[in-house]
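Please read it beside the sequence and the coordinates.

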Amino acid sequence: MTANDAGETIVSGDDVNNGLSFTEEGMDDIEEVVPAAEASGDERLAYQGLGQRLLLRPEIVGVLFAVFLYLFFWGATRPFGNAGGLATVLDVSATLGIMAVAVGALMIGGEFDLSAGAMTGAMGIIIILLVKETGELGGAGLNYWIALPLSLVIALGIGWLNANMVERTALPSFIVTLATFFVLRGLKLAGSKITVDQIQVGRADEGAGFEFWRKIMGSVWIRGDHPWESRDLVYTVATTIGGVLLAGAVCLFAFRRREKLNPAGVPVLLAGLVGIGVGAWLTHSLDGSDWIPMVVIAVSGVVAAFGLGLWRLAPLSALAPKLPTGVLAPLAGSLALCGAAIGSALAFDADNEEDLFFPVTEQGLRGLLFIVFAALAAGLATMAVSRARATSPGTRALATMVVGLTIFGMALFVQSQSESPKFRTQLFAILSLAALAALVWSVMVSRFEARSAPDRDADRTARIVAGLGLAAVLIGVAVRVLFSVEAEIAAEDPSRLAKFSIRVVWFVGFTLLMSWVLRSTKFGSWTYAVGGNKQAARQIGVPAARVKTQLFMLVAFAAWLVGMLLAFRLNTIQAGTGNFEEFEYIIAAVVGGTLLTGGYGSAQGAATGALLMAMAQQGISFAGWNTDWRFFFLGIILLVAVYANGAVRRRAEAIR
Amino acid sequence: MSSLIELENVGKRYGNIIALSGVTTSVEAGEVTCVLGDNGAGKSTFIKILAGVHQHDEGEVRLEGSPVKFNSPRESLSSGIATVYQDLAMVPLMSVWRNFFMGAEPTKGVWPFRWIDEGEAKRIAKQELAKMGIDIRDTEQPVGTLSGGERQSVAIARAVYFGAKVLILDEPTSALGVKQSGVVLKYIIAARDRGLGVIFITHNPHHAYPVGDRFMILNRGKSLGNFAKSELPRDELVKMMAGGAELDQLTHELENA
């Protein structure tokens, strides 16, 4: 056999492996493999509607879960839904949330910090020891202007140390920071015993400058101290404007743009808006349950939506209504379940508060059954509408209309049944609004063409409108919960005592800042990169070690901040403060959509997770249940959220 | 005008192991130099010397005429040598544009309020990919959802955009299917046509031959020669790659078995 033959053998062998050997001529065929760059290629992406896009956000599970829990406890407990309950929940969520956001960022970067919880208490103890004067070894007697920066430097030093130990030893951060946790725990206990001979360190107020810094770190806003008679007017105006803007944004998201704007729609839209304004004013000045403003708002809402459509949205050509069983069956089922809900509400005694079986009273069982049936009905209704969506616009409009009317029927029933103002007016108002939304929606889908292709310009407009709407609603709600009116104070309404701590401002500010940092800065981008693939990030020039060090120091900063908030609020810090809370931070971050393995998550998600956990914790105690169950529920929440988050993420990756 | 990169009798030892010795070749702007070799032939060592991961201890590497020794990957990178490794240096969960600009994001504003110019980054990423003839559906897509060839092409486009003069490709086609390999070879040509010197490392002569201008064959850490395309017919390359006499021996053994 010649050498040449051997070469041939290999060629054919290669052919088997690669199927093709490239020749100069072969290169020409490849030309067709690469389509022209001009064909921007977007046609290969199936269009995703607003709902689908929202369902792919990392924090969606946390948000939906939080809404569910809020509604649940709002129905089951008295304080939820009034300013006092909200203040408590926010207060609990604030310190947890600040830590969860920082720990979440660290987890996105692929590391853990188990010393974070112990560090919060340690920082509180350190600041008090730095400013304390009394006792033999009682403290350093510094003023706050020196002690605060000094304690911050100590905190950042601990963070830096954590990061360096992780980098140097190349051990998992889980182990290294576990060690730091025990060191801190020992130091806190032994340190407080040595210095003040107690297992708590007290009197933060002994330091000079305490009053000034307490305003920033520990002040409290008591609702009853701030009467403002125009509160309800501002609330009504802001939430109405916000609601209208949000509804408009949804329409801009969901429907196709008109080729050319039609100015004839503008006066119609304006007329509708004026009508809504009049309706809102009537609600404000009349009793909340009066039917005249409702009719005015409903009619004006339809007019305004129609005007908006006439102005900007593409009209629909064919309705083609038909009712296949796929839509009819869940619709009928939904109606039947509503009937079951009403039936169960009538069957049980609403006033019997005796225990039927733990932990439910007859009254509780009645509420529970009602909620379960209503939730199932809502599920079937959603199913019917989504199936109708796939059938034809006419069917969709019809199904939405039926659902709207059903909701309104339920609203009337709820109003007729309950004596408590919470259900009588608040739930009635919410359900009526939902019914109104369904009504408007049904008119819109029967008149205008749903969007079926991406439209970045329309998305941008809609996003701005939605942002403004959300801001208006939040301002309205904030005004409502922060201010009191003379009548409430005179009537000694318990909600006048609601205390809003300044730590909530820190929480919100920190979350917004971190959300921006993670999304839009180099540091944020690099955080995702080192968490997602550290090796690759390093190869391509991301300073991975520096990013991780900064992340550990960020957690230390958050722990310092929380330590200060605790010290200024409580005046005394226990040696055990913060121990074992690190797991709650991790749970909050994970519930909010952060991936345990790094590279995925968001600050707003972690904050939502913290809010959710605070709601669960406070809800259980408000409901009068044994608070020992708290951890049990946290475990369940974690399990459900992790599973749901995994499903959402897999879907997100598969779809994109 | 001297070559972009010249290597003369370059060698590398790890302790008593001679990983590479007597390697001589050159890379010209607008040309493709193929480095061929089987597993263990010294290809990785060759790349690592040029990428600054390891330093050579014999011979001379000249960059545009002046001798150099890269002490770190960053040094090599800042001298205009971009290496696209087999594992691609990408973060699968992050979007194409973020991966494209990873580590060198364009920013707006002043410190500490400096943020990534997202619109600009997306625009440039899309445009640069298009220039290379790469058609990406959406730059917001996570890299993890791209195919192997698409990822490779993003990595190449990234290196080209960030001003690489020399592009080192480490076995870019080895994990790809037939069509995908073809696509990547197209990008190699595209990079060459934009005036880059390309070092294409592969063990597949059928991928190397159509795109290469110069061939250097490595075997057991030694260079079997450095040829211009005109000096080396295709069959000869295939035969050298396969190890010539060694393969005769192997075929003989297999047939008699």
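A contact, as the word is used here, means heavy atoms within 4.5 Å. The structure is a predicted model. Chain A has 25 helices and six strands, and the salt bridges over all chains come to 31.

**Chain A overall**

- Chain A has 656 residues, of which 44% count as buried.
- Taking contacts in chain A between residues at least 6 apart in sequence, 80% join residues at least 24 apart.
- The accessible surface of chain A is about 31,100 Å², and carbon and sulfur atoms account for 67% of this area.

**Salt bridges between helices of chain A**

- A:R538 and A:E167 form a salt bridge through their side chains, with an N to O distance of 3.8 Å.
- Because A:R538 belongs to helix α21 (residues 534-539) and A:E167 to helix α7 (residues 144-169), this pair ties together parts of chain A that are 371 residues apart in sequence.
- A:R538 is partly exposed at 40% relative accessibility, and A:E167 is partly exposed at 24%.
- A second salt bridge joins A:E488 to A:R231, with 3.4 Å between the closest N and O atoms.
- A:E488 sits in helix α18 (residues 486-490) and A:R231 in helix α10 (residues 231-254), so the pair links parts of chain A that are 257 residues apart in sequence.
- Are A:E488 and A:R231 buried or exposed? Both residues are buried.
- A:E488 and A:R231 also belong to a network of salt bridges that includes A:R223, A:D232 and A:R480.

**A:R203 and its partner**

- The side chain of A:R203 meets that of A:E206 in a salt bridge of 3.9 Å, N to O.
- A:R203 is located in the loop between β1 and α9 (210-217) of chain A.
- Phi of A:R203 is positive, near 65°, in a residue other than glycine.
- A:R203 counts as partly exposed because its relative accessibility is 45%, and A:E206 also counts as partly exposed, at 24%.

**Positive phi at A:D197**

- Most residues other than glycine have a negative phi.
- A:D197 is not a glycine, yet has a positive phi of about 60°.
- The position of A:D197 is in the loop between α8 and β1 (200-201) of chain A.
- With a relative accessibility of 66%, A:D197 counts as exposed.

**Helix α24 of chain A**

- Helix α24 covers residues 603-622 of chain A, 20 residues in total.
- From first C-alpha to last, α24(A) reaches 28 Å, close to the 28 Å expected at 1.5 Å a residue.
- Of the 20 residues of α24(A), 16 are buried, so the helix is largely enclosed by the rest of the structure.
- Which residue caps the N-terminal end of α24(A)? A:S602 does, with a side-chain oxygen 3.0 Å from the backbone nitrogen of A:G605.

**Nonpolar surface patch**

- A:L171, A:F174, A:I175, A:L178, A:F182, A:F580 and A:F583 make a nonpolar surface patch of about 660 Å².
- Helix α8 (residues 173-196) of chain A contributes the largest share of the patch, with four residues.
- A:F580, one of the patch residues, is in the loop between β6 (573-574) and α23 (582-591) of chain A.
- The relative accessible area of A:F580 is 46%, so this residue is partly exposed.

**B:S21 in chain B**

- B:S21 is part of strand β2 (residues 17-27) of chain B.
- The relative accessible area of B:S21 is 18%, and B:S21 is therefore buried, given that buried means under 20%.
- Which residues does B:S21 touch, not counting residues up to four places away in sequence? They are B:V10, B:G11, B:E58, B:G221, B:K222 and B:S223.

Methods
Residues numbered from 1 in each chain as written. Chains lettered and ligands numbered in written order. Predicted model: local features only at pLDDT ≥ 70, side-chain atom pairs only at ≥ 80, totals over all residues. Heavy atoms only, no water. Salt bridge = Lys/Arg side-chain N within 4 Å of Asp/Glu carboxyl O. Helix = DSSP H or I, 4+ residues; strand = E, 2+ residues; numbered from the N terminus. Buried < 20%, exposed > 50% of the residue type's maximum accessible area, 1.4 Å probe, protein only. Areas by Shrake-Rupley, 256 points an atom, 1.4 Å probe, with all protein chains shown as cover. Expected span 1.5 Å × (residues − 1). Polar contact = N/O pair within 3.5 Å; in protein donor to acceptor, adjacent residues only side chain to side chain. Patch = residues over 30% accessible without salt bridge, like charges linked within 9 Å, V, L, I, M, F, W, Y side chains within 5 Å.
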